[in-house]
Amino acid sequence: MTPELVIFDCDGVLVDSELISCRVHAETLTSYGYPITPDQVAARFLGRSGREARREIEAETGRRFADDIETNLLGALLRAFAETLQPIPFVTEALDTLGRPFCVASSGTLDRIQVALTHAGLIGRFAPHLFSAEQVAHGKPAPDLFLFAAAQMRAAPERCVVIEDSVPGVLGAKAAGMTVLGFHGGGHCTDASAAALTAAGADRCFADMRQLTTIIEEI
């Protein structure tokens, strides 16, 4: 298989944002009457869209959140990103050596993706090839987002390589018929992250972006 396209998740793969996101998400849900910790958010919703998380909680509790929760969550996230967000180490060097097209497919909204990549100094490398779960019917772990990204980039799914840090992301990419590399080099990752990604179906795992091009060439 000669890879035609590399599809990157955003949070935890391009930008070291997952700890920030889980903290802000927990604070927002708690303020809306659903007490939850950042660790619990990570365990339940890492890699999934805010829309999917909201639907699950509403089904669990039998009540709807106020309509402004997603707007307020996004605003809090963007403020936190502006203060502390950093790119994943060596991701720029990885992009410089890929030698093939690449794009982003993220569970975040397009606004969130754009702001995150801008603060990390990466927006110029990816725009306009930014794809969000809000553009498809079903977010990760469904394959919809990955198939949508491949179609927009005119790449065959079986010739796509996906870089993911979450179990839902790995499951979605495998369901799309793509090769998946599990990345466990973000600040939120633990000793168990690689094993979880492998168990979900990742074809290989790595923790240093300087390894990426070599791994793809070996594929």
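**View 1. At 14% relative accessibility, Glu58 counts as buried.** Buried means under 20% relative accessible area, exposed over 50%, and partly exposed in between, with a 1.4 Å probe and protein chains only. The model is predicted: local features need pLDDT of at least 70, side-chain atom pairs count only at pLDDT 80 or more, and totals for chains, interfaces and linings use all residues. Residues are numbered from 1 along each chain as its sequence is written, and side-chain values use heavy atoms, with hydrogens and water left out. Glu58 sits in helix α3. Helices (H or I, at least four residues) and strands (E, at least two) are DSSP runs, numbered from the N terminus. Setting aside residues up to four places away in sequence, Glu58 touches Arg63, Arg64 and Phe65. Contact here means heavy atoms within 4.5 Å.

**View 2. Helix α3 covers residues 50–61.** Gly62 follows α3, with a positive phi near 75 degrees.

**View 3. One cavity of 30 Å³ or more is found in the structure.** The largest cavity holds about 70 Å³ of space. Its lining consists of His25, Leu29, Gly50, Arg54, Phe65, Ile69, Glu70 and Leu73. Helices α1, α3 and α4 each supply at least two lining residues. The most come from α4, which gives three. On a 1 Å grid over the protein atoms alone, a cavity is a set of points where a 1.4 Å probe fits but cannot get out; a pocket is an open set with protein on both sides within 12 Å along at least five of seven lines; lining residues have an atom within 4 Å of a point. Points are joined across faces, edges and corners, and a volume is the space filled by probe spheres set on them.

**View 4. The largest pocket has a volume of about 520 Å³.** It is lined by 27 residues, of which Arg48, Ser49, Gly50, Ser107 and Arg112 are the closest to its centre. Which helix gives the largest share of the lining? That is α4, with five residues. Helices α1, α2, α3 and α4 each contribute at least two.

**View 5. Six strands form an open sheet with parallel pairing.** Their order is β3-β2-β1-β4-β5-β6. Strands β3 (130–132) and β6 (204–206) are the edges, each pairing on one side only. Neighbouring strands are turned by 25 degrees against each other on average, direction ignored. Two strands pair if DSSP finds at least two bridges between them. Helix α10 (residues 193–200) lies across β4, β5 and β6, running at about 160 degrees to β6. Axes are lines fitted to C-alpha atoms, for helices over the stretch in contact, and angles run from 0 to 180 degrees between N-to-C directions.

**View 6. Strand β4 has five of its five residues buried.** In a regular strand, side chains alternate between the two faces of the sheet. Both faces of β4 are covered: Cys160, Val162 and Glu164 are buried on one side, and Val161 and Ile163 on the other. Four bridges join β4 (residues 160–164) to β5 (residues 179–183), and the two run parallel. Val161 has Thr179 as its bridge partner in β5, while Val162 has Val180. Strand β1 (residues 5–8) also pairs with β4 in the parallel sense, over four bridges. There, Val6 stands opposite Val161.

**View 7. Pro141 lies in the loop between β3 and α8 (144–152).** Pro141 counts as partly exposed because its relative accessibility is 40%. How far apart are the C-alpha atoms of Pro141 and Val170? They are separated by 7.5 Å, although the two residues are 29 residues apart along the chain. Leaving aside neighbours within four places in sequence, Pro141 is in contact with Pro168, Leu171 and Gly172.

Note on methods. The expected span of a helix is 1.5 Å times one less than its number of residues.
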